[in-house]
Amino acid sequence: MPVIPIACLSDNYAYLLVCPETKQAAIVDPAEPGPVLRALARETASVAAILCTHHHHDHVGGNQEVALTLGVLRIYGHESDKGRIPSQTHGLRDGDTFEIGKLKVSVLHVPGHTTGAVAYVVTGDGDPAVFTGDTLFVAGCGRLFECQPPAMQESLQKLARLDGRTRVYCGHEYTESNLKFAAHVEPLNHAITEARIHTAALRKNGKPTVPSTIENELCYNPFLRTHSPEIRSSLGIPVNASSEDALGAIRKAKDNYR
Ligand code: ZN
Ligand code: FE
């Protein structure tokens, strides 16, 4: 399905998702109005909704101006984020569904980075897509600002269980530095080496590294690989430690990695 990444701020991505049949569209995480409105001017699409992954300003900063300029009446976010997401009209829960034209959007509540983080799974035209905000990045995950490791572990596993072909559209272009850390903790994983070569080529040409796929993330993303003996031995995580504890240790190591 047509998804257009829109570079915002220093390294954020907003996305324009278009139903190919009806030309109804949604904007995911309009970080700032300028680039979003300019991208829209190039497309024949009518924006029906704004989809917010979480309340941080670098994701919702453009909500109000985009909604006013385009007359968008539906602004989605988790129900617990009401009051934190500007102009929010709809409060979502895990499992909720709605439509953008003929595309079906399913909501996954994925606390970890924030308590009200959600991911949007879109189906109905070719391979599914998931918009993960700052929960799952290409080769990484978001910082644990409002939750503890077990919540993030459960949320990441929800995403890991999606169809492997699901395309992953995340909130930031952090792939190069994420893969550098992935290689540091799992140097013998050849999938990381391949992904680094691919990523370097894309970035050299100024191209985004999104989308990835769930299948690919399972191969190289250390936060989906808490079972990896190599990661565990690199970071001194006991073999019998729980996946939650391993995730916490990997996250801490990444926080301190330069
Ligand atoms: Zn954030
Ligand atoms: Fe962010």
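Predicted model: local features only at pLDDT ≥ 70, side-chain atom pairs only at ≥ 80, totals over all residues.

Me: OK. How many helices and strands are in the chain?
Reply: The chain has 9 helices and 14 strands. Both are DSSP runs numbered from the N terminus, with at least four residues (H or I) for a helix and at least two (E) for a strand.

Me: What is its radius of gyration, and what would a compact globule have?
Reply: The chain has 18 Å, which agrees with the value near 18 Å for a compact globule of 258 residues. The radius is taken over C-alpha atoms, and the globule rule is 2.2 Å times the number of residues to the power 0.38. Along the principal axes, the C-alpha trace spans about 55 × 40 × 30 Å.

Me: And how much of the chain is buried?
Reply: Of the 258 residues, 53% count as buried. Buried means under 20% relative accessible area, exposed means over 50%, and partly exposed is in between (1.4 Å probe, protein chains only).

Me: Now the metals. Which residues hold the zinc ion (ligand 1)?
Reply: Its protein donors are His54 (NE2), His56 (ND1), His113 (NE2) and Asp134 (OD), at 2.2 to 2.3 Å. A donor is an N, O or S atom within 2.8 Å of the metal (3.2 Å for Na, K and Ca); water is not among the atoms, so sites may look incomplete.

Me: Why is the arrangement around the zinc ion (ligand 1) irregular?
Reply: The 4 donor atoms subtend angles of 88 to 172°, which makes it irregular. Four donors count as tetrahedral if all angles lie between 85 and 135 degrees; four count as square planar and six as octahedral if opposite donors are over 155 degrees apart and all others between 65 and 115; anything else is irregular.

Me: Where do His56 and Asp134 sit?
Reply: His56 is in the loop between strand S4 (46-51) and helix H2 (57-60), and Asp134 is in the loop between strands S10 (129-133) and S11 (136-137), so the pair ties together parts that are 78 residues apart in sequence. Both His56 and Asp134 are buried.

Me: What coordinates the iron ion (ligand 2)?
Reply: Asp58 (OD), His59 (NE2), Asp134 (OD) and His172 (NE2) do, at 2.1 to 2.3 Å. This site is irregular too, with angles of 82 to 172° among its 4 donor atoms. Asp58 in helix H2 and His172 in the loop between strand S13 (167-170) and helix H5 (175-185) link parts of the chain 114 residues apart.

Me: Are Asp58 and His172 buried or partly exposed?
Reply: Asp58 counts as partly exposed, at 21% relative accessibility. His172 is buried, with a relative accessible area of 4%.

Me: New topic: which residues of helix H9 are buried?
Reply: They are Ala246, Leu247, Gly248, Ile250, Arg251 and Lys254. Their cover includes strand S12 (140-141), helix H4 (149-160), H5 and helix H8 (229-235).

Me: What does Pro187 touch, close sequence neighbours aside?
Reply: Leaving out residues within four places in sequence, Pro187 is in contact with Glu230 and Ser234. Contact means heavy atoms within 4.5 Å. Pro187 lies in the loop between H5 and helix H6 (190-204) and is exposed, with a relative accessible area of 52%.

Me: Last one: where is the cis peptide bond?
Reply: It joins Val210 and Pro211, with omega about -5°. Most peptide bonds are trans. Pro211 is in the loop between H6 and strand S14 (212-213).

Conventions
Residues numbered from 1 in each chain as written. Chains lettered and ligands numbered in written order. Heavy atoms only, no water.
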